[in-house]
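Subject: Structure for you to look at

Hi,

Here is the structure I promised. Please open it first, then read my notes below.

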Amino acid sequence: MEDLCTLQPVGPTACIDEREQSIITTGRSKTSIACTNDSLAGAVSQRACVFCGARVVLNPITDAVHLVHGPIGCATYTWDIRGSLSSGSEMYRNSFSTDMKERDVIFGGEKKLAACIDEIVEKYHPPAIFVYATCVTGMIGDDIIAVSKEASNRHGIDVIPVESSGFISGNKIIGYRAAAEALIRLIRPKEGETIVPTQKLNLLGEYNLGGETWLIERYLTEIGVEINVAFTGDSTVAKLKKAPGACLNLVQCTGSMHWVARKLEQTFGTPYIDVNFFGAANTAESLRKIARFYGDEEMERRTEALIVREMARIRPEIEWYRKKLTGKRAAIYVGGAYKALAIIQQFRRLGMDIVMTGTQTGKKEDYENISHLLEPGTIIIDDANPAELEKFLIEKQVDVMAGGIKERVLAYKLGIGFVDHNHDRKECLAGFEGAVTFSREVYITTCSPVWKYLKAPDKEV
Ligand code: SF4
């Protein structure tokens with residue numbers, strides 16, 4: 001296996017010395033990238049905080065109340081953070097906060113938290129409340145576990161603490177773990193409850209941002225498989241509690257859900273497989289994997305028929321975009337590695353050159369997989385900051401970037417096209433249809449006439 005990467009110091013204008021090992025260039029040495037570390041203080045990481053990491057995972061549970069124990073800013077900053085779609089309750093789109101003030105910081109906020117829970121139960125009757133710790137409540141030592149337990153006994157509903165104080169790590173992935181632990185607490189059957197085994201599957205790490213969960217459900221229904229529950233797009237508390245009854249767990253967002261999948265395997269014996277429904281080739285491969293798991297010849301036949309039909313339907317459109325985009329230079333900076341891998345494949349399918357790829361939370365094996373898909377000389381960057389991104393966007397003469405909301409402004413300011421592939425987006429980018437939508441978005445922004453009217457730094461007009 002040819003390995004990575006040369007360390008290439010990126011110069012005083014962009015790179016802090018301690019960050020050098022987190023930026024590599026493919027194909028020139030045996031040194032692998034430094035990743036999964038806490039962000040460097042002062043480097044202005046693109047990552048969000050631990051609490052934010054927990055909330056993005058749990059917030060799509062539609063009928064739960066998400067109560068943020070802390071100053072109002074933490075709740076406002078993450079309000080409706082996923083923008084996930086719901087087929088039922090809209091409770092999750094509210095942002096509840098204990099609104100801690102100076103007095104609470106000095107004398108403690110536990111009584112206020114208990115009173116808030118009582119008020120929420122009285123007014124909204126939710127089936128579950130997630131209580132998130134923030135920096136302030138973690139620092140003053142409020143015992144959210146004890147308060148949640150007492151409230152749960154008092155009201156007879158799940159009140160689940162999420163130990164997500166922002167300061168406990170400089171890596172958002174610790175927030176994913178806090179959310180995963182909260183999910184397992186919710187799912188674990190209570191005394192006297194039984195698990196009813198089914199032939200359905202759970203879809204882990206799918207958040208229904210633009211209706212992806214519903215699209216995947218449509219494909220699975222066609223091949224003869226039923227989704228038990230998605231974690232956590234368009235889920236409900238009652239559906240999640242049935243998760244142990246599934247015969248298989250699919251994991252899409254590996255960063256947020258591998259730990260949950262392993263826990264479900266250890267506790268309930270449910271196997272899991274990784275899937276990826278971004279990109280037509282990935283979608284086809286994922287459907288085949290699922291059909292193979294069931295070992296049903298008729299299901300495999302239906303799966304092949306679906307793939308042949310959908311591929312034939314989208315091919316002419318993808319080819320049209322390919323002609324327009326061949327040779328354009330693309331950059332990727334996203335949260336999770338599974339998304340980066342999918343976008344690399346999609347850009348390549350469009351004939352584009354990928355000159356930079358990075359993630360907020362990729363692991364060593366993720367970066368190995370990424371590097372094997374890329375041409376020598378490509379920049380790979382972990383836990384980037386705006387100065388580093390700017391440097392490479394200019395240096396590599398990028399035409400279009402795929403990223404999230406924090407990268408969008410940077411790209412536009414530099415006169416570069418931008419495709420939103422984060423949890424803020426509204427377009428469904430999954431499946432065969434999503435592959436066409438993605439290609440259209442890339443084309444519209446990359447080939448927009450607007451760029452010739454802009455004069456960006458170091459960019460010829
Ligand atoms: S938890 Fe801490 S870092 Fe996160 S938003 Fe609140 S104060 Fe900021």
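A crossover counts as right-handed if, with the strands pointing away from the viewer, the path from the first strand over the helix to the second runs clockwise. Keep in mind that this is a predicted model.

That definition applies to strand 14, helix 16 (residues 405-413) and strand 15, which make a right-handed β-α-β unit. Strand 14 and strand 15 (residues 417-420) pair in the parallel sense over 4 bridges. In that pairing, Val 400 stands opposite Gly 417. Strand 11 (residues 329-334) also pairs with strand 14, in the parallel sense over 3 bridges. Here Ala 330 stands opposite Val 400.

Now the faces of strand 14 (residues 400-403). Val 400 and Ala 402 point one way, Met 401 and Gly 403 the other, and all are buried. In a regular strand the side chains alternate between the two faces of the sheet.

Next, the core. The largest nonpolar core has 125 residues. Met 401 is among those that touch the most other members, as are Ile 332, Leu 67 and Val 162. Helix 7 (residues 173-187) gives this core its largest share, 9 residues. Leaving out residues up to four places away in sequence, Val 162 touches, among others, Phe 130, Val 131, Ala 178, Ala 179 and Ala 182.

Last, the ligand. Its surroundings are Cys 49, Phe 51, Cys 52, Gly 70, Cys 74, Tyr 77, Thr 134, Cys 135 and Gly 166. That shell divides into 6 nonpolar, 3 polar and no charged residues. Helix 1 (50-58) and helix 2 (72-77) each supply at least two of the shell residues.

Best wishes

Methods:
Residues are numbered from 1 along each chain as its sequence is written. This is a predicted model: local features need pLDDT of at least 70, side-chain atom pairs count only at pLDDT 80 or more; totals for chains, interfaces and linings use all residues. A residue is near a molecule or strand if its C-beta atom, placed from the backbone, lies within 6 Å of it. Ala, Val, Leu, Ile, Met, Phe, Trp, Tyr, Cys and Pro count as nonpolar, Asp, Glu, Lys and Arg as charged, and the others, Gly among them, as polar. A residue is buried if 20 or more other C-beta atoms lie within 10 Å of its own, exposed if 12 or fewer, and partly exposed in between; C-beta atoms are placed from the backbone. Two strands pair if DSSP finds at least two bridges between them. A nonpolar core is a set of buried Ala, Val, Leu, Ile, Met, Phe, Trp, Tyr and Cys residues joined through C-beta atoms within 7 Å. Two residues are in contact if their C-beta atoms, placed from the backbone, lie within 7 Å.
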